[in-house]
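Open the model in a viewer and keep the sequence panel beside it. The stops below give a selection each time, followed by what is found there.

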Amino acid sequence: MADGLAFLTIAEAARLIEQKRLSPVELTTALIRRAEALDPQLNAYLLPTADQALDQARQAEQEIIAGGYRGPMHGIPFRAEGYL
């Protein structure tokens, strides 16, 4: 399933995270790998922030595990500026 994670819709990923069938860290890692694989051809990222994204995913995962799920975007990696 790891290869397919980068192709989930946000709604699909959110549902899996809420059901604790998908880890925010697992999703973020898959998306980072996909971005790293494609960026040499696309040159789409000015400032990749993979470490920050993984830190935030770990924090979201701990909150969700502890029962602090905050809604559909909790655990979904995104940056308002458009960077990963």
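Begin with aspartate 55, which is partly exposed because its relative accessibility is 48%. This is a predicted model.

**Stop 1: the pair within helix 3**

Aspartate 55 and arginine 58 form a salt bridge, and their closest N and O atoms are 3.0 Å apart. Both residues belong to helix 3, where they are three residues apart, or about one turn of the helix. Arginine 58 has a relative accessible area of 42%, so arginine 58 too is partly exposed. In general, side chains of opposite charge can pair when their charged atoms come close.

**Stop 2: a second salt bridge**

Now select glutamate 63 and arginine 70. Their side chains meet in a salt bridge, with 2.6 Å from N to O. Are the two partners buried, partly exposed or exposed? Arginine 70 is exposed, because its relative accessibility of 63% is over 50%. Glutamate 63 is partly exposed, at 25% relative accessibility. The count of salt bridges in the model comes to two.

**Stop 3: helix 2 against helix 3**

Select residues 24-42 for helix 2 and residues 50-65 for helix 3. At what angle do helix 2 and helix 3 pack? The angle is about 160°, and the axes are 8 Å apart. Helix 2 is therefore roughly antiparallel to helix 3, as the angle is over 145 degrees. The crossing of these two helices is right-handed.

Next, show side chains at the contact. On the helix 2 side, select Pro24, Val25, Thr28, Thr29 and Ile32. They meet Ala50, Ala53, Leu54, Ala57, Arg58, Glu61 and Ile64 of helix 3. Colour this set by residue class: eight of the contact residues are nonpolar, two are polar and two are charged.

**Stop 4: two loop residues with positive phi**

Go to lysine 20, in the loop between helix 1 (10-18) and helix 2. Its phi is near 60°, which is a positive value in a residue other than glycine. Lysine 20 is exposed, at a relative accessible area of 53%.

Then move to asparagine 43, in the loop between helix 2 and helix 3. What is the phi of asparagine 43 near? It is near 50°, again a positive value in a residue other than glycine. Asparagine 43 has a relative accessible area of 62% and so counts as exposed.

**Stop 5**

Select isoleucine 65, a residue of helix 3. Its relative accessible area is 55%, so isoleucine 65 is exposed.

Aspartate 51 is exposed, with 61% relative accessibility. A C-alpha to C-alpha line from aspartate 51 to alanine 11 spans 24 Å, and these residues are 40 apart in sequence.

Note on methods. Residues are numbered from 1 along each chain as its sequence is written. This is a predicted model: local features need pLDDT of at least 70, side-chain atom pairs count only at pLDDT 80 or more; totals for chains, interfaces and linings use all residues. Side-chain values use heavy atoms; hydrogens and water are left out. Axes are lines fitted to C-alpha atoms, for helices over the stretch in contact, and angles run from 0 to 180 degrees between N-to-C directions. Helices (H or I, at least four residues) and strands (E, at least two) are DSSP runs, numbered from the N terminus. Angles under 35 degrees count as roughly parallel, over 145 as roughly antiparallel, 65 to 115 as roughly perpendicular and the rest as oblique. A crossing is left-handed if the near helix is turned anticlockwise from the far one by less than a right angle, and right-handed if clockwise. Contact means heavy atoms within 4.5 Å. Ala, Val, Leu, Ile, Met, Phe, Trp, Tyr, Cys and Pro count as nonpolar, Asp, Glu, Lys and Arg as charged, and the others, Gly among them, as polar. A salt bridge is a side-chain nitrogen of Lys or Arg within 4 Å of a carboxyl oxygen of Asp or Glu. Buried means under 20% relative accessible area, exposed over 50%, partly exposed in between (1.4 Å probe, protein chains only).
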